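Hello,

Here is the structure we talked about. Please open it and keep it beside this note as you read.

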Amino acid sequence: MSDKPVFPPDRLDTQGAVAGETLDVAQLPSYVFGARGIMWWGTMGVVAIEGTVFAMAIATYFYLRTNGDTWPMGVPAPDLRWGVLNTLIMLASLLPNHWTLHRAKAHDLGRVRGGMLVCLVMGAAFILVRVFEFRTLNVSWDSNAYGSIVWMLLGLHTVHLLTDFGDTLVLYVLMLTGPLEGRRFVDVAENAEYWDFVVLAWLPVFATIYIAPRF
Amino acid sequence: MKGLIHALEPAGPQAAHIASLWWFALALCALVFVAVLGALFVALRRAPRATGGTPPDVTSLHAPEPGARRSVIGAVALSSVGLIALLVASVATDRALAQLSLVDAIGIEVVGHQWWWDVHYDDADPSRTFSTANELHIPVGRPVLLTLKSDDVIHSFWVPNLHGKKDLIPGRTTTLQLQADKPGAYRGQCAEFCGAQHAFMAFLVIAEAPDAYQKWAEAQRKPAREPIDPEQARGRDLFLSGSCMLCHAIQGTPANGRKAPDLTHLASRTTLAAGRLANDAGNLRDWIEDPQRFKPGVNMPAHHVPEDQIKALVTYLRSLE
Amino acid sequence: MSATWDSTVNHQPLDRRDGATGATAATDELERTWSERPGLAGWICAVGHKSIGKRFIVTAFCFFVVAGLLAVAMRLQLARPDSKLIGPDLYNQIFTLHGTTMMFLFAVPVMQAMAVYLVPLMIGTRNSALPRMTAYGYWMYLFGGLMIFTAFAIDMSPDNGWFSYPPLAGPEYSSGKRSDFWAQLITFTEVSGLIVSVDLITTIFKLRAPGMTLARMPLFVWAMLVTAFMIIFAMPAVMLASTMLIMDRLVGTHFFNAAAGGDPLLWQHLFWFFGHPEVYFIFIPGLGFMSMIIATFARRPVFGRAAMVLSLIATAFFSFGLWVHHMFATNIPEVGKAFFTAMSMMIAIPTAVQIFCWIATLWKGRLHLRTPLYFILAFFFILLLGGLTGLILGAVPLDLQVHDTYFVVAHLHYVLIGGAVFPLFGAWYYWFPKITGRMMGERLGRWNFWLFFIGFNVAFYPMHHLGLAGMPRRVYTYGAETGWGPLNLLSTVGGAMIAVSVLLFIVNVVKSRRHGEPAGDNPWGAASLEWATASPPPACNFRAIPVVWSEEPLWEPLRRPTHVSGLAVDSREVVSTTVLDAQPDHRYHSPSPTPWPFIAAIATTVMFIASIFTPWAVVWGSIPIMIAMIAWFWPRAGETRKQLVLEKRP
């Protein structure tokens, strides 16, 4: 298969181990999956930026905590119920998400559609549960600095849930239409990787919002 | 406002430590500067001239250049030694600054406001505490422990001749230890941008002989002088009946406002409006009538009062020694 | 339908492919494929890195000039004591806007702009990896800048300094919308800066010409790679902080309100966690210019290439450990201070390594003394002085004296102008022939240089003395009794000289653009790939993508294969290579021109500005953005059919 390097530059000398003046790339694939692809790097760039934002927001939480005499500042810690439920749904969504990813790499359009649909249903579920999470934070954003930072953390993650849900929805609709280029499967794969990020980023945020105030 | 102001003319041990470190660092930096630019100069002099058409010399791509390598490594090593020397000197100076003995120290609390300094002298005996503004007196040779707070935004307390600066941060308390060894008037100024009149948030630290200081402190502890003539009495009545007392305090009278400088001994101070104006009758009158003319944005409103009233008010305030 | 993506149709006549020697029909078609569309619509739709790069550079230069004029206004006000020229309210807006513009709208963007233009040429490709994102980034940057100057025109521009410390910038002490405009400008510029960084990283990692291993990559490209990574990890801090500030002001959160458990120092930590690396991501591209220009004008490769690269990386790394040295005057614990002092000293070492390597290069080189090199040589004098005063500022006790005084004003201008602006002017003289096809005037160039160099020192050197003599920063005036008058006057004279020198630069640019001597492909006899193509470069950059065999490709003999063939000429195809050793990996279809980045940027601008006034704008303002983004992403049927012909499955 021609995705092997057409020539190994370091083994090529002036005498020309490769015939001809030019390096012909016509037979190379026109799209690739994973870290070989351009979109993967674009997605990872966004992940790095947003991951840093989460890290900074969590650092802010603990910075404010060292400043406060009591923590959480005179209010009960957030109820665990909805937060735990949502964590479980999100972790469960990794399953159809990864399945979709693998089916995308196999160019299996029918299953990709199915997988995305399952992900979308789960996505809708965790956005719904998120509403209850906000309602059981037990503090308002304008009560004190503790309230401000937990609302910010939860809000930041919710923005990611919404955009990820939106992206997936748009991509799902696109996958229902045609004609489709093969690189749309790369888009599906990148979207799935971003979904992983949104779920994994939730774990430290969950620990900060729900577990940290109990210790 | 007169007053010495220079970081390299120390009048106390803290500023002196810093000044010594400065001269050391300056010498070191000057040495590095001259050496590096010297090397560059020689390089530029010795290298032959060329044009864009001169064939490039690419031998270095295929052959190492041990001579240049040794020189660069040597220069980096020397620089590192210099950096370590500076680091050690810096840490040592930091230590020295922290070791100022606070035995028998005078405690002064300074609260920053937009744009003036509220000064409280502590005392073990609460009846002996007193307040003033924009002017600190300290005895020569005795350490001073300053407790710094802010009532609004971040300010920074800085008297270059005595010590480096320290921020006044809302919600926090910071401290600064200093001592004056030479008598004199040292100018200080807010060093953290604090709004419209950051430029005119100055103050004076007056270091004087211990007995002069004691005399001054005793005078400050007293309540304000009673008016001694009808004009002054009229001025006081105007002060107490008008809006002045909403913000200003005069000890010994019902005026107890805390939003603006304590005026109990206003006439004993060198300046008005945090170093903006010399403290004399003309300036005081102009200031009361239109503070915005001197400090645009200042919180004190203009007071356009009839001629006879302003005269009485100024006469009264000028009597508060 | 599901069969269409599976198409294996890949048989094309040879003249649909590039790289065939002498195929002029193919070459013409390649040029058509990569050209922007004509007219205003074409201008709005442009996604070519050269189009975006040029307008990015020109926009950044305009902001530089405007911010420079603000500096002139400040210098006039400070020229004599008790000056009544500018009142505190206006002065505070001016100094805030000067700093904010220089840092957020000039220094960082202009370096990225230079990279957007130069990097694809230097690494031998035809466009950047994410060109539509870059276009969006440019528009966001432009609209953000226009917003803040509109605010200035209506007396609503921020007045709390470019650092905007709460509580002064918070809801209680800054009423009105001035601080909100500042916070939103930050959002605009960060969106732009971050997007361009992701684009640069992806471009550099994936689109290098075959054979350009990381080890062979030009040092400017290295510098921009390091810078882009720094931006990605530093900018989120200030974005988060400015969001918190605007929320404190708009919806009553308490992040910085000490009375409700918040902390003003939290702002300082977040701001300087970004702010200190920021200095280095202005400075590191400057180091990249230095290395490129020195090699060309010393007629030899830069000495110690590996050390140079490692130094860039070390500088980036250490720069994240310095932020507290902006906060020595707060109540930071002593141990922390010692650590940050040590870090502040340590970061000097990688810069020292580079300075010594450059001196070694010049020492062993043959010098072609032209204007670009003059600007580069000024770096040694100015940056060195600024770096040394930086060491002084890193020492806690000295910092306590000179912090927030004119000493720091002197220091930071020595570092930023010496470390970034002088190399940048050198870079402009150096790459102007590539961008326009004409040389800049050498005589005017020398005048420009000497006036700038002398004017700079006359303007900023006295400020060291002013700082030691107790003059704080950010004062709109000072009393005559302070004795600061004469040196301030001198400084103003220097400021005027700088203004004249920049004017000469503009004259030189305007004149040379039309009447300059034609440059040819490689007027300086330089080694990197951007000089292997015509000046100005054709729309496709290279008629055939070069294959790289050396770290100085134009200085070493050609080896075979010399270039790539087999890319489509009727579609925007580039070759994507592996990250480390740049082996050909796949053909990447580069996005074509589209108006949607522009439209999406307008929608985002409306949302950002409206959110200054109501938090609900975040909700309803997102809808048009979403629509624009979908339209941007949605493939066009015609384009898809065309791509299906070229498609080849991995």
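How many residues does the contact take from chain B and from chain C? Chain B puts in 76 residues and chain C puts in 79. Keep in mind that this is a predicted model.

**The side of chain B that touches chain C**

Several elements of chain B each supply at least two residues here. They are helix H1 (13-46), helix H2 (59-62), helix H3 (66-98), strand E7 (166-168) and strand E9 (184-189). H3(B) gives the most, with 15 residues. By class, this side of chain B has 43 nonpolar, 21 polar and 12 charged residues.

**Two helices in chain C**

Now look at helix H9 (residues 305-319) and helix H11 (residues 348-363) of chain C. Their axes come within 8 Å and cross at roughly 155°. An angle over 145 counts as roughly antiparallel, so H9(C) is roughly antiparallel to H11(C). The crossing is left-handed. From H9(C), the residues that meet H11(C) include C:Ala307, C:Met308 and C:Ser311. On the H11(C) side, C:Pro350, C:Val353 and C:Cys357 are among them. This contact has 6 nonpolar, 4 polar and no charged residues.

**Chain A**

Chain A has 5 helices and 1 strand. Along the sequence, the pattern is β-α-α-α-α-α. The radius of gyration of chain A is 23 Å, well over the 17 Å that the globule rule gives for 215 residues, so chain A is more spread out than a compact globule. Its C-alpha trace spans about 80 × 40 × 25 Å along the principal axes. Of the 215 residues in chain A, 43% are buried.

Best wishes

Note on methods: Residues are numbered from 1 along each chain as its sequence is written. Chains are lettered from A and ligands numbered from 1 in the order in which they are written. This is a predicted model: local features need pLDDT of at least 70, side-chain atom pairs count only at pLDDT 80 or more; totals for chains, interfaces and linings use all residues. Axes are lines fitted to C-alpha atoms, for helices over the stretch in contact, and angles run from 0 to 180 degrees between N-to-C directions. Helices (H or I, at least four residues) and strands (E, at least two) are DSSP runs, numbered from the N terminus. Angles under 35 degrees count as roughly parallel, over 145 as roughly antiparallel, 65 to 115 as roughly perpendicular and the rest as oblique. A crossing is left-handed if the near helix is turned anticlockwise from the far one by less than a right angle, and right-handed if clockwise. Two residues are in contact if their C-beta atoms, placed from the backbone, lie within 7 Å. Ala, Val, Leu, Ile, Met, Phe, Trp, Tyr, Cys and Pro count as nonpolar, Asp, Glu, Lys and Arg as charged, and the others, Gly among them, as polar. The radius of gyration is taken over C-alpha atoms; the globule rule is 2.2 Å times the number of residues to the power 0.38. A residue is buried if 20 or more other C-beta atoms lie within 10 Å of its own, exposed if 12 or fewer, and partly exposed in between; C-beta atoms are placed from the backbone.
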